[in-house]
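Subject: Structure for your review

Dear colleague,

Please find below the structure that I am handing over to you. My findings follow directly after it.

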Amino acid sequence: MQTDLTGKTALVTGGTGGIGAAICKQLAESGAKVTTNYRNEEKAQAFKKEMQDAGLDVHIYQVDVTDTEGCRKMVEDIENNVGPIDIVVNNAGITKDTTLRKMTKEQWDQVMRINLDSLYNICQPIVEGMTSRGWGRIVNISSINGQKGQIGQTNYTTTKAGMHGFTMSLAQEVARKGVTVNSVSPGYIATDMVMAVPEEIREKIIAQIPVGRLGTPEEIAAIITFICSDHAGFITGADISVNGGQHMM
Ligand code: NAP
């Protein structure tokens, strides 16, 4: 089975990060015209070089996903200069971990703004175009911890569980118009963030994963590329776990 996304335009938020870069790469390798946004200029330059070295052309925009007007302008710019957006992957996200007892309002708010407000800021200006053209794919990157909860993450897990509420509601709003909306919930993935955890703690995490290892960004990108293809038109409103068996629902 070939996943051919030739002619489709994709927007992946936070594409310069560990999982985002793998998603951008696989969507571009499948033929899509890929765009992404970022905040950190240094990481963006490294990302640009990585894509160029792989022979891939990815358009990048310095826009914060919490900036409603900035996102609206970015969507307009992409649609005018690259093409109408057919695929959205809401991947940008942060953690600000601490127990609720110690959590500041700022730590709570930052995670809400970036992980949840971004869904409105990105999808609202795009969804009408998708439904009027009769084809679209929206994928929201949630988390295993949004499914099972995690000590020290009341802010993060609230957003990741909330993301799936957004997925199910929007999926119902657009189902008859050829647009699917799904969540993907990764378990522990070997990105810089997880590899920075001290080795002994990482070993304890791995011991809880039945397959006996961390996942790779490419394994997350592979399921997303499939969801974005024509083969996945009957999958909508789903929350797809990719966690090595760590949490079975
Ligand atoms: P990462 O390497 O830290 O990447 C996060 C990306 O989001 C970065 O490119 C970052 O760009 C971008 N971002 C953050 N805040 C932003 C903002 N306000 N505006 C625009 N871009 C912003 O993290 P990752 O591990 O690849 O995670 C990607 C997604 O997967 C996240 O939603 C995360 O919650 C989820 N996830 C990850 C794991 C895991 O094990 N790694 C597990 C479950 C779920 P800048 O650096 O430029 O800000």
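This is a predicted model: local features need pLDDT of at least 70, side-chain atom pairs count only at pLDDT 80 or more; totals for chains, interfaces and linings use all residues.

**Ligand surroundings**

There are 30 residues around the ligand, and those that come nearest are Ile19, Asn40, Lys43, Asn91 and Tyr156. In Lys43, a polar side-chain atom is 2.5 Å from an oxygen atom of the ligand. For Tyr156, the distance between a side-chain N or O atom and a ligand oxygen atom is 2.6 Å. Arg39 contributes through its backbone, with an N or O atom 2.8 Å from an oxygen atom of the ligand.

**Helices α4 and α6**

Helix α4 spans residues 105–133 and helix α6 spans residues 154–174; their axes come within 9 Å and cross at roughly 15°. Because angles under 35 degrees count as roughly parallel, α4 is roughly parallel to α6. The crossing is right-handed. On the α4 side, the contact is made by Gln107, Trp108, Val111, Met112, Asn115, Leu116, Leu119, Cys123, Val127 and Thr131. The α6 side supplies Thr154, Asn155, Tyr156, Thr158, Thr159, Lys160, Gly162, Met163, Phe166, Leu170 and Val174. By class, this contact of α4 with α6 comprises 12 nonpolar, 8 polar and 1 charged residues.

**Helices α1 and α2**

The axes of helix α1 (residues 18–29) and helix α2 (residues 41–53) come within 11 Å, with a crossing angle of roughly 30°. This angle makes α1 roughly parallel to α2. The two helices cross in a right-handed sense. Ala21, Cys24 and Lys25 of α1 meet Phe47, Glu50 and Met51 of α2. The contact of α1 with α2 holds 4 nonpolar and 2 charged residues, and no polar ones.

**Helices α3 and α4**

Helix α4 also has a contact with helix α3 (residues 68–81): the axes of α3 and α4 come within 7 Å and cross at roughly 35°. The crossing of α3 and α4 is right-handed. From α3, the residues involved are Thr68, Cys71, Arg72, Met74, Val75 and Glu79. They meet Tyr120, Asn121, Ile122, Gln124, Pro125, Ile126 and Arg133 in α4. The contact of α3 with α4 divides into 7 nonpolar, 3 polar and 3 charged residues.

Yours sincerely

Conventions: Residues are numbered from 1 along each chain as its sequence is written. Side-chain values use heavy atoms; hydrogens and water are left out. Axes are lines fitted to C-alpha atoms, for helices over the stretch in contact, and angles run from 0 to 180 degrees between N-to-C directions. Helices (H or I, at least four residues) and strands (E, at least two) are DSSP runs, numbered from the N terminus. Angles under 35 degrees count as roughly parallel, over 145 as roughly antiparallel, 65 to 115 as roughly perpendicular and the rest as oblique. A crossing is left-handed if the near helix is turned anticlockwise from the far one by less than a right angle, and right-handed if clockwise. Contact means heavy atoms within 4.5 Å. Ala, Val, Leu, Ile, Met, Phe, Trp, Tyr, Cys and Pro count as nonpolar, Asp, Glu, Lys and Arg as charged, and the others, Gly among them, as polar. A residue is near a molecule or strand if one of its heavy atoms lies within 4 Å of it. A polar contact is a pair of N or O atoms within 3.5 Å; within protein, one must be able to donate a hydrogen and the other to accept it, and residues adjacent in sequence count only if both atoms are side-chain atoms.
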